[in-house]
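I opened this model to look up a few sites one by one and to write down what I found. My notes follow in the order in which I looked.

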Amino acid sequence: MSQILIVEDETHIAEGLRFNLEAEGHGVKVVENGEDALRTLLQEKEPFDAVVLDVMLPGKDGFTVVRELRQAQDYVPVLILTALGRPEDVLIGFEAGADDYLPKPFNLDILMARVESLLRRKKWLKETSSTAPTVAGSSFRFGDKLVDFEQLRLHSGNRVFQLTLMETDLLRFLITNSGRPVSRKAILENVWNLHEDTDTRAIDNFIVRLRRYIEVDPANPKHLLTVRGVGYEFVAEPEG
Ligand code: CA
């Protein structure tokens, strides 16, 4: 049974979500503000498999909550749910460290599908790491870097970066398509399961972050190339 934390100050939305998630067999806890969410996750260390997080909350907003979680090295999958559906808000949400994003008013079936998608990824990661630590495809080495897809870590020389679920998934998708350009739209569809008319600039933020981890000079990338008019291309072994 998966445990899901709902952070939502509107009771009717919170209870609707609880009802539907429990009907799918999940355990649900509801808190009404960001401070309670942070205390539950960081201090009380209650284990959750996913968080559904509203943005407009009394006190700390949802963006601040996810940012503080990531700063505290907590990488629980977070889906942000908000009335703020403007492209710049989507960007802020992803930049803060959210894994997925759904604007209000939301379609319940879509929300449930997105939550299940986060839980599946989490479960897959858990299973591969506990049963088959050396399973093929669980890590990828290029140059002096090693991506550990199970532990969501990127080893770069002596440094280790903890990646979020979506950073890992994006890197996996780019590596899987090594040597050919992939469009932002393909990335959104394959990594985020987004088919709506989402602003594809959200991707650029993630690329900037990944470059900070894997490039010697992020402004002059060798592995994670911009392909003008198309999108991005991963190159494992740059020439020269
Ligand atoms: Ca709210």
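I began with D9, which at 30% relative accessibility counts as partly exposed; on the scale I used, buried means under 20% relative accessible area, exposed over 50%, and partly exposed in between, with a 1.4 Å probe and protein chains only. The model is predicted, so I kept in mind that local features need pLDDT of at least 70 and that side-chain atom pairs count only at pLDDT 80 or more, whereas totals for chains, interfaces and linings use all residues. Residues are numbered from 1 along each chain as its sequence is written, and side-chain values use heavy atoms, with hydrogens and water left out.

Helices (H or I, at least four residues) and strands (E, at least two) are DSSP runs, numbered from the N terminus. I noted that D54 counts as buried, at 3% relative accessibility.

Which helix holds R211? I found R211 in helix α8 (residues 201-214). R211 is buried yet has no salt bridge, and the nearest side chain of opposite charge, E215, is 5.0 Å away. By salt bridge I mean a side-chain nitrogen of Lys or Arg within 4 Å of a carboxyl oxygen of Asp or Glu; for charge, Lys and Arg count as positive and Asp and Glu as negative, while His and the chain ends are not counted. A polar atom of the R211 side chain does lie 2.7 Å from the backbone oxygen of L224. Leaving aside neighbours within four places in sequence, R211 is in contact (heavy atoms within 4.5 Å) with residues including P218, P221 and Y232.

Y213 also lies in helix α8, and at 16% relative accessibility Y213 counts as buried. Not counting residues up to four places away in sequence, Y213 touches K145, L154, S156, F161, Q162, L163 and E167. Y213 and V160 are 53 residues apart in sequence and 9.0 Å apart in space, C-alpha to C-alpha.

**Aromatic pairs.** My search of the whole structure gave six aromatic pairs. The rings of F140 and F142 have centres 5.9 Å apart and planes at 35°, so the pair is tilted; rings of Phe, Tyr and Trp (its six-membered ring) pair if their centres lie within 6.5 Å, and planes under 30 degrees apart count as stacked, over 60 as edge-to-face and the rest as tilted. F140 counts as partly exposed at 24% relative accessibility, whereas F142 counts as buried at 3%. The rings of F140 and F234 have centres 6.2 Å apart and planes at 70°, so this pair is edge-to-face. That pair links F140 in strand β6 (residues 139-142) with F234 in strand β12 (residues 231-234), 94 residues apart. F234 counts as buried, at 0% relative accessibility.

How values were computed
Polar contact = N/O pair within 3.5 Å; in protein donor to acceptor, adjacent residues only side chain to side chain.
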